[in-house]
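I opened the model to look up folds, ion pairs and the chain contact. My entries follow in the order in which I made them.

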Amino acid sequence: MANKRPPFWQREKYTPYLLLLPAILTILFVVLLPLIFSLYTSFTGYRLIRPETLWQWVGLRNYQRIFNDGDFWVAFGRTILFLTIALNLEFLLGLGIALLINKITWGQRTLRTIMMFPMMFSPILVGYQFKFVFNDNIGILNNALQALGLSDGAIPWLVDEFLANFAIIFAEVWMSTSVFAILLLAGLFAMPRDPLEAAKVDGCNSWQVFRHITLPFLMPFVFIAMTIRSLDVARAYDIVDVMTGGGPAGRTELLWTLIARTGYDNARMGQANAMAYVSILLSIAFTYYFFTKLLAARKYMGGAE
Amino acid sequence: MAEISLQNVVKRYGKTEVVHGINLDIAHNEFVVLVGPSGCGKSTTLRMIAGLEDITDGSVSIGSEVVNDLPPRKRNISMVFQNYALYPHMSVRENLGFGLKIAKQSEAEITQRVNEAADILGLDELMDRTPAELSGGQRQRVAMGRAIVRHPEAFLFDEPLSNLDAKLRVQMRTEIKKLHQTVKTTVVYVTHDQVEAMTLADRIVVMKDGYIEQVGTPMQVFNHPVNTFVASFIGSPPMNLLPAVIRDGAVVFSDGNTLPVPARLKDLVSEGQKVIFGLRADDLTPVGHGITSGGESAQLTLDIVLSEPLGTETILYTTIAGNEAQGKMFGPRDVAPGESMTFDVALDKAHIFDAATGASVRVH
């Protein structure tokens, strides 16, 4: 009998692809197609309420509009500012907490667990909680300030441009400082004791030991936390939307509240997708930056290439 | 460069006392080795000198100054750690210069001293590498370099060679000895390896369970151990320790073998005293295969259990009154297990310890 070639799905050469097929299909339908679709719509005048506009090719018009759109660039700038302030505050507070917890000799586990509580809440709930705290009439903060006689009027926490942004950053920092604290604490636990002692004998005081030995050792952990958090904060939406909705009058508008408003409230999905693609550049830039730093910092640890 | 003095130094962790009031005076430029089994308190003692552990009681002084309450950085000492403890994010050059930089020395001074240290230790080729790119031996050399650039009052070594392989250990041992001859500084060196202690030390401090058992030059400690612990700890193979009884001016073993009491110890033992007879393998040699010192000797006939040829000599395992004893055969021939051989016992080198206290009868 002639040696008949088996059908292609039984040939060894195709087996890996056959086995990967479910994953490939999933990624194709769940990630790649929507991505291509949204990229396509960013070149159309697609409006959610008029499906036929999906076929209205407008070329680069949406992108041109973005470049002349003052609101977009203000939101873009504000997002970067928000990101910078929130990340740095979270880093400094997280580092402080990690260093303190590293010092104590008992109750470390309990404290670590307690520290994770803020991460267990949905950001929406955190938003509501702080909306209540900062509310100018019934908010606990204003009530407390008035009861203590520190303030006689109602401070418009969520209305004033500066205070509203402060309130949002405060909520963000409250929720996410523990990410830094936990990662940095892990770094401190992993830190070898000998170089610290060597530095002490070498003439360092406590600050110098921290500055020259502890901090460089922690930097890879800092950059990991920064990478994760920069992606998180760059897409910040929920807390802001709940607390101020980007208002009043766009004073707390961040990229994604603006994009969501454009896409859903104004139904201009094509325009919103174009904005989203520009915004993604920001996330990519931050991720790339922190990854470069991370690799540089890890090199001397004998880790990554 | 200074002398170091420990007065009744005690270390307690909570209620556990690990160092029980030790006294030790280390002379200017002396190389002192603290040796003992793990847990004997030698590292703790060193770390108290360094300032890395608090001193519970007593006092430590470096030079003429009591340093109990000074932080490590104010004690002007250098330390070499078992795990090298290099700064992983700094190049070799930066590692070497770090202490000087912290001390705010001028750039020129740092460069000059770092290069000087690099010359002494042969690190010139490695200056721009990071610790991760170095081998164990190279790392240890950098750690030593970091210690010498600061021109400290004293060097402290905490088991610096125990992470190296056997060959490198021997090589680095020689380098440390040479280093001490070059830079001439007080050195306190901690090890559990008696060979390191013997080869490096001007004086050995043998420690056990937080007490100092004996202090002396390597040869004093080797030739005149004060008790059975020191006798078995210093020297390789360990000294044979054989229980016996003194009867009619002879050392009598339970199997009936007898040896005369060495002349120099005759007056120090009493009739009926239970003793431990100590004899090094080098002093228990088959007739015709020993190193004759021409001193007082006796003979024993023993059965060989096992032999370990080492080339220039063979270690012979035998038993005396049920206790294992090792002898040495110089200029060896083949020995079969079970063979009966007559041994020369060099009585002038033998030791007698009191069985109850373990102390040498020469010590009172």
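**Entry 1: chain B overall**

I began with the secondary structure of chain B, which comes to 8 helices and 20 strands. Here helices (H or I, at least four residues) and strands (E, at least two) are DSSP runs, numbered from the N terminus. This is a predicted model, in which local features need pLDDT of at least 70, side-chain atom pairs count only at pLDDT 80 or more, and totals for chains, interfaces and linings use all residues. Residues are numbered from 1 along each chain as its sequence is written, chains are lettered from A and ligands numbered from 1 in the order in which they are written, and side-chain values use heavy atoms, with hydrogens and water left out.

I then took the extent of chain B: its C-alpha trace spans about 75 × 45 × 35 Å along the principal axes. Of the 364 residues in chain B, 53% are buried. Buried means under 20% relative accessible area, exposed over 50%, and partly exposed in between (1.4 Å probe, protein chains only). I also looked at contacts (heavy atoms within 4.5 Å). Among those in chain B between residues at least 6 apart in sequence, 68% join residues at least 24 apart.

**Entry 2: strands of chain B**

Two strands pair if DSSP finds at least two bridges between them. I noted B:H20 in β2(B) as the bridge partner of B:V10. The two strands, β1(B) and β2(B), form a hairpin with 2 residues between them, and B:G14 in the turn has a positive phi of about 60 degrees.

Next I followed strand β9 (residues 203-208) of chain B. How many bridges join β9(B) to strand β3 (residues 31-35) of chain B? I found 4, with the strands running parallel. In this pairing B:V35 stands opposite B:V206 of β9(B). Another 5 bridges join β9(B) to strand β10 (residues 211-216) of chain B, and these strands run antiparallel. There B:V205 stands opposite B:V215 in β10(B). The hairpin of β9(B) and β10(B) has 2 residues between the strands, and B:D209 takes a positive phi near 50 degrees.

**Entry 3: salt bridges within the chains**

I searched the whole structure and got 23 salt bridges over all chains. The criterion is a side-chain nitrogen of Lys or Arg within 4 Å of a carboxyl oxygen of Asp or Glu. One of them joins A:R78 to A:E161, with the closest N and O atoms 3.5 Å apart. A:R78 lies in helix α3 (residues 70-103) of chain A and A:E161 in helix α8 (residues 161-190) of chain A, so the pair ties together parts that are 83 residues apart in sequence. I checked accessibility as well: A:R78 is buried at 14%, whereas A:E161 is partly exposed at 40%.

I next looked at A:E172 and A:R229, whose closest N and O atoms are 2.5 Å apart in a salt bridge. This pair links distant parts of the chain, with A:E172 in α8 of chain A and A:R229 in helix α10 (residues 206-234) of chain A, 57 residues apart. Both A:E172 and A:R229 are buried. They also belong to a network of salt bridges that links A:E90, A:E172, A:R229, A:D232 and A:R235.

In chain B I looked up B:E109 and B:R113, which form a salt bridge at 2.9 Å between the closest N and O atoms. They are 4 residues apart in helix α3 (residues 107-121) of chain B, so about one helical turn separates them. Is B:R113 buried or exposed? At 10% relative accessibility B:R113 counts as buried, while B:E109, at 28%, is partly exposed.

**Entry 4: contact between the chains**

I turned to the contact of chain A with chain B, which takes 19 residues from chain A and 23 residues from chain B. The two chains bury about 1900 Å² between them, 65% of it on carbon and sulfur atoms. Buried area is the accessible area (1.4 Å probe) that two parts lose on being put together, summed over both.

I counted 3 salt bridges between chain A and chain B. One salt bridge is between the side chains of A:D202 and B:R150, at 3.3 Å from N to O.
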